[in-house]
Amino acid sequence: MAGEIMQVVEQVAREKGIDRQIVVDAMETAILTASRKRYGAHKNIQAHFDNRTGEFVLSQLREVVETADQVDDADLRIALDDARKLNPGAKLGDFIAETLPAIEFGRIAAQTAKQVIVQKVREAERERIFQEYADRKGQLVNGLVKRVERNNIYVDLGRTSAFLPHEEQLPREHYRPGDRIRAYIYDVRDATRGPQVILSRTHPEMVTRLFEMEVPEIYDGLVEIRAVARDPGYRSKIAVRSNDAHVDPVGACVGMRGSRVQGVVTELQGERIDIIEWNADPAVFVCNALAPAEVSKVVMDEEEKSIKVVVNEDQLSLAIGRRGQNVRLASDLTGWRIDIITEQEEMNSRAEEFHELAKGFMTTLDIDEDVAGALIQEGFTTSEEVAYIPLEELASIEGFDEEIAKELRNRARDQLLQQALKTEERKVELEIDPRLSKLEAMPEGMIVPLAEKGIRDLDALADLSTDEFLELVTDTKMAQNEIEALILEARQVAGWFDEGETTRQKPKGTGGKKTR
């Protein structure tokens, strides 16, 4: 009998792929449950599996107390004198174990024990499967299609099954029961009915995992995939970089006659793969990402993380791609917002900008178009720049001399002075709160436009949301984060909350909005 128990323990542990001790613990719990029905539930009974003999031993534990008067329940406590008759070394607080005779299982007891063992083993098996697939999250897995229900696919992975939702499948691909399938482990959930493995064939990282399988240089760390952008089922772009000067990263991924990339394309049902060399310079990286379109010029705005790309007329459709696919994937790949314009559009834009600047200089400095054009050609865009540039530098412009430079500078300074005086007069007229001028985040020239819209004190400014600010001042050049910083500073100065707080305290008498 003892040998049979040992064999059962080993067999169950092997079949379920769980630790042998888990099976032993489950059987001990089952024996304990059955024995309490035999000897009484109030007794302190322990069941222990003896690995040496292969038998279960039942013991009743009683706590050692000082005198017989303290023994209020003979099944739970024993006097010290009586305890020392059983164990001469017994001390107060110890537990004396007395072996109970083995019980004969009746039909109900045996059924109860079986249910306990099955439940414990099932729980252990679920926990093992969950841990196994939680550790494999982000990896590829192979399986057999078990069934297809409402376009969702259930995949047999061997020890467990997985779920491939319809939205995680590639368009135009269809599977039938028995088909082999390879997918990316997107998520693993510990659900009530057991671990739930969620698969995906549209995740960008699936492309990365497939290239790791096809390209040994990626597996060895010589080539690195820095970014992936994907339009699942149609087109992907990957940016690769070599960590070895002797290894061409693009060539390594393409392989001999395209053999390596073709393996990935076949697995993804013909999805087009563009392999691009990653570059630390965003301008070069964006140009590479827009390949095969040829880029004439780029204009970057690092603060907005946007880039304007100028291309020839015949490259425009190629750069944008079908339904904007090429530029969208390039933007996702690089993390930059990309605007594509033709050379003609860029020339028109520059001409319009030149005209606006010239018109401004001609009005504010009272100069003709040729002088204004000379200033713009030298990079001047505002009267402030003309007013405070060193005289020698301004006089060095072709066609200018010291007299002209001095006159231009004086006119610019007069214009700024007149403008400042008008601003101050307007502030007094509008009764603007002087604390608005002291806000560090308040841009020059923004106070009067705000006051003309009714925002004349700190509380009025603090009560605005970013959207309301933009509705009031539609022509502002302030970025959203700058507006948020201005409103936040106004709320701090107005005493709505301390600098370290993140939750707004609504003051009395204001219709507050939430802090952004």
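Visitor: Which residues of α11 are buried?

Guide: This is a predicted model, in which local features need pLDDT of at least 70, side-chain atom pairs count only at pLDDT 80 or more, and totals for chains, interfaces and linings use all residues. Residues are numbered from 1 along each chain as its sequence is written, and side-chain values use heavy atoms, with hydrogens and water left out. Buried means under 20% relative accessible area, exposed means over 50%, and partly exposed lies in between (1.4 Å probe, protein chains only). Helices (H or I, at least four residues) and strands (E, at least two) are DSSP runs, numbered from the N terminus. In α11, the buried residues are Gln325, Asn326, Val327, Leu329, Ala330, Leu333 and Thr334. Helix α11 spans residues 325-334 and is mostly covered, with seven of its ten residues buried.

Visitor: Against which elements do the buried residues of α11 pack?

Guide: Packing is read from contact, which means heavy atoms within 4.5 Å. The partners of the buried α11 residues are the strands β10 (223-231), β11 (235-242), β12 (272-277) and β15, together with the helices α9 and α10 (316-320). Just after α11 comes Gly335, which takes a positive phi of about 80°.

Visitor: How is the order of strands in the open sheet to be read, and what is its pairing?

Guide: Strands of a sheet pair through backbone hydrogen bonds, either parallel or antiparallel. Two strands count as paired if DSSP finds at least two bridges between them. Here an open sheet of three strands has the order β13-β14-β15, and its pairing is mixed. Strands β13 (297-301) and β15 (337-342) form the edges, each pairing on one side only. From one strand to the next, the twist averages 20°. Angles of this kind run from 0 to 180 degrees between N-to-C directions, and the axes are lines fitted to C-alpha atoms, for helices over the stretch in contact.

Visitor: How many bridges join β13 to β14?

Guide: Five bridges join β13 to β14 (residues 306-311), and these two strands run antiparallel. Across this pair, Met300 stands opposite Ile307 in β14.

Visitor: Where does Ser306 lie, and is this residue buried or exposed?

Guide: Ser306 belongs to strand β14. Its relative accessibility is 9%, and Ser306 therefore counts as buried. Not counting residues up to four places away in sequence, Ser306 touches Val299, Met300, Asp301, Trp336 and Arg337.

Visitor: Which helix lies across β13, β14 and β15?

Guide: That helix is α12 (residues 343-365), which runs at about 95° to β15.

Visitor: How many residues has the largest nonpolar core?

Guide: In soluble globular proteins, nonpolar side chains tend to be buried together. A nonpolar core is a set of buried Ala, Val, Leu, Ile, Met, Phe, Trp, Tyr and Cys residues joined through side-chain atoms within 4.5 Å. The largest one here has 24 residues, and Leu439, Met442, Leu450, Leu461 and Phe469 have the most contacts inside it. Two or more residues come from each of α17 (447-452), α18 (458-462) and α20 (480-493). A second, separate core has 23 residues, including Leu170, Val207, Val215 and Val265. As for Met442, its contacts are Leu436, Ile447, Leu450, Leu461 and Leu486, again not counting residues up to four places away in sequence.

Visitor: Where is a cis peptide bond found?

Guide: The cis bond joins Ala291 and Pro292, with omega at about 15°. Pro292 has its place in the loop between α9 (282-289) and β13.

Visitor: What is phi of Arg150, and what is phi of Arg172?

Guide: For Arg150, phi is near 50°, a positive value in a residue other than glycine. Arg150 lies in the loop between β5 (140-149) and β6 (152-156), and is exposed at a relative accessible area of 81%. For Arg172, phi is near 75°, again positive in a residue other than glycine. Arg172 sits in the loop between β7 (161-164) and β8 (180-191), and counts as exposed at 55% relative accessibility.

Visitor: How many disulfides does a search of the whole structure find?

Guide: A disulfide is a pair of cysteine sulfur atoms within 2.5 Å. The search finds zero. Among the cysteines, Cys253 is buried at 0% relative accessibility, whereas Cys287 is partly exposed at 26%.
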